[in-house]
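Please work through each task before reading its solution.

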Amino acid sequence: MDFGEEPDNWSNGNKRKKRYHRHTPRQIQLLESMFKECPHPDEKQRLHLSREVGLDPRQIKFWFQNRRTQMKTQHERADNCFLRAENDKIRCENIAMREALKKVSCPHCGAPPIPEDSYFDEQKLRMENTQLKEELDRVSSLTSNYMGRPMTQLPPALSFSSLDLTVGGLRNLSVGPSLDLDLLTGGSSNMAFSFPTAISEMERPIMAEMAAAAMDELVKIAQSEEPLWVEVGEGREVLSLDVYDNLFPKHGSQFRGPGIQIEASRDSGLVCMNATSLVDMFLDSRKWIEFFPTIVSKARTIDILADGLIGRSGSLHLMYEELHVLSPVAPTRELYFLRYCRQIEQDLWAIADVSVDLSRDNQFATPSSTRRLPSGCLIQEIPNGYSKIIWVEHMEIEDRNMVHQLYRDLVISGVAFGAHRWLVTLQRTCEWFACLAAVANSPRDIRGVTPEGKRSMMKLSQKMVNNFCASLSASQMHKWTAISGVNDDSVLVTVHRSCGPGQPSGVVICAATSIWLPVSCERVFNFLKEERPQWDVLSSGNSVHEVTSMTCGSNAGNCISLLRVSGLNTSQNSMLILQETCTDASGSLVVYSPIEFNYINIVMSGEDPSNIPLQPSSGFTILPDVRVPGSTYGASTSSNLTGNTYGSLVTVAFQILVSSLPSAKLNVESVSTVNSLINTTVQRIKAALT
């Protein structure tokens, strides 16, 4: 309601009440329209509007004043409501932050936060300063002993955490006598692994000097000849400890504790990959696992201490890795180490590794029992796209006698984690990746498989093999339980929940056993590769036909195949078997997994196979059985450290998806089934080969 103009006529001596004038809807509509266009009309506009709406110009003036006041009040009220809401929101956030700060704990020791007032406690600050100085002196002394020279003086304001610059660790396998509740309920036995936090600025100079000293030592010993290295056959060499101790007294026998044993070997050869790609592989933990799935079960870059120049020269990474020999009864080796890259000449690169101990910063890490002394490789570029590699492995190990009897000679001889195994594995893997790159230019084969289809099938097979190798880890985070047999004939099982892209969702049980066979690795590999009906329980003795295959290297045994078992029922006939076989001088693999026809069609069309839910893979690992003096296992006891073989160490492993529900519980029937399956397979292999 709007107020009109005050009337001019008043009664004699008596005031009349002010007369209210109600505007018509048409007048209000015209006034509102004008207000939207011009909230402040001039005298001429008010005169024109008064004639149009039939009101006095003064009424028009007062209406616009009132309307502007009303609009200002509405805006202020809206702003006040918004600011009040924002203020309440900020107040709630402050309260939540104060409550959260009360619950914060130290990431290293788990202690509650220290009140602010305590920082002004002068006596406490003096005590802490004294402790930091003592720790600085301890770390500096230890590092000086390691490098054989005094440490560079650091600014006095710098202090050090409880980082001990020593070594990584070896974990022991603990196998229970029976099933536990975690296994029966289908719970995952794999715990989330916790890695140390990033390295502080005060620790980086020490690590940089350690890496530089390790690089100098690596280059010197890698390029030395006799008497430092002694040839033991087939181009492989072991380190002469007496000569080494004289050349590098800071690592000499006087600094080795009791029970310390040395594994030091060197090997050289050509690989079909250029130096730049190899350097990138060494500095990428994901590629490190892809190239060495049979040796490296876990790897991660914890911190990048230096990025390096163009071409990665000068890069310094703090890394973690877990090494295994593809058997649940063989303990893994866990290492935290520095990896330093340097371009020595235009066509020569060096990658140096040296251990550090981060167990105090990691609640899951155990005290060190494996230490990698300066190790690594020299990579020389060759014009034809190949590279010449000189690989050096040098470790100090405690308590090697705790290794399972079946694999003890393989480990003690230095073959299990020696330079030869690393190099021949790298050669085979580089051939595999060269074939992956070459199929892009290959023609369609006689079965109609396109180059794109071949690449997809190779990538899918790579995922299958990596999954199989990872499933056999015997780390402390990968718990195995014995369900049958004793000693060397035990069947071990573990269970985990599968999820994520490219993996079937549900509960997966993995069962494995390791056996010794008195026949050569080559004979075992050929039998498993070519005579599937004789050992495959699920094929029921039916013939197996090869749908398609491709060779992945110079050795005909390195190939990927699609197989079909004839004579199966209708439901089983919709499945094919994807199989990859690979072999080199260090051992062999036969890995396979069932795959449905519709997924094979997707793969053969050339689509990315990363999201195809491949069934859990199964297969065999075959390693040579070597002997050292005094060995009592098997038929022969005479040997030396030259790598002579006396049979084969075979691990049989099955992975089965027992339920498609991640929340499902594992029952005893599933365990009994997989136990029977693996025992029957082992019996058939022994009957055919022994």
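**Exercise 1.** Determine which residues lie nearest the centre of the largest cavity, and which elements contribute to its lining.

*Solution.* The model is predicted.

Step 1. The lining of the largest cavity comprises 16 residues, and those nearest the centre are Glu290, Pro293, Arg428, Val465 and Glu580.

Step 2. Two or more lining residues come from each of helix H9 (285-291), H11, H12 and strand E17 (575-584). The greatest contribution is that of H11, with 5 residues.

Step 3. By residue class, the lining of the largest cavity consists of 7 nonpolar, 6 polar and 3 charged residues.

Step 4. The space in this largest cavity amounts to about 170 Å³. The model holds 9 cavities of 30 Å³ or more.

**Exercise 2.** Describe how helices H11 and H12 are arranged relative to each other, and state the handedness of their crossing.

*Solution.* Two packed helices are described by the angle between their axes and the distance between those axes.

Step 1. The axes of H11 (residues 419-438) and H12 (residues 451-471) approach within 9 Å and cross at roughly 150°.

Step 2. Angles over 145 degrees count as roughly antiparallel, and H11 is therefore roughly antiparallel to H12.

Step 3. The crossing of H11 and H12 is left-handed.

Step 4. On the H11 side, the contact is made by Trp432, Phe433, Cys435, Leu436 and Ala437; on the H12 side, by Arg455, Met458, Lys459 and Gln462. These contact residues of H11 and H12 divide into 6 nonpolar, 1 polar and 2 charged.

Conventions:
Residues numbered from 1 in each chain as written. Predicted model: local features only at pLDDT ≥ 70, side-chain atom pairs only at ≥ 80, totals over all residues. Heavy atoms only, no water. Axes fitted to C-alpha atoms, helices over the stretch in contact; angles between N-to-C directions. Helix = DSSP H or I, 4+ residues; strand = E, 2+ residues; numbered from the N terminus. Parallel < 35°, antiparallel > 145°, perpendicular 65-115°, else oblique. Left-handed = near helix turned anticlockwise from the far one by under 90°. Contact = heavy atoms within 4.5 Å. Nonpolar A, V, L, I, M, F, W, Y, C, P; charged D, E, K, R; others polar. 1 Å grid on protein atoms, 1.4 Å probe; cavity = no way out; pocket = protein on both sides within 12 Å on 5 of 7 lines; lining within 4 Å. Points joined across faces, edges and corners; volume = space filled by probe spheres on them.
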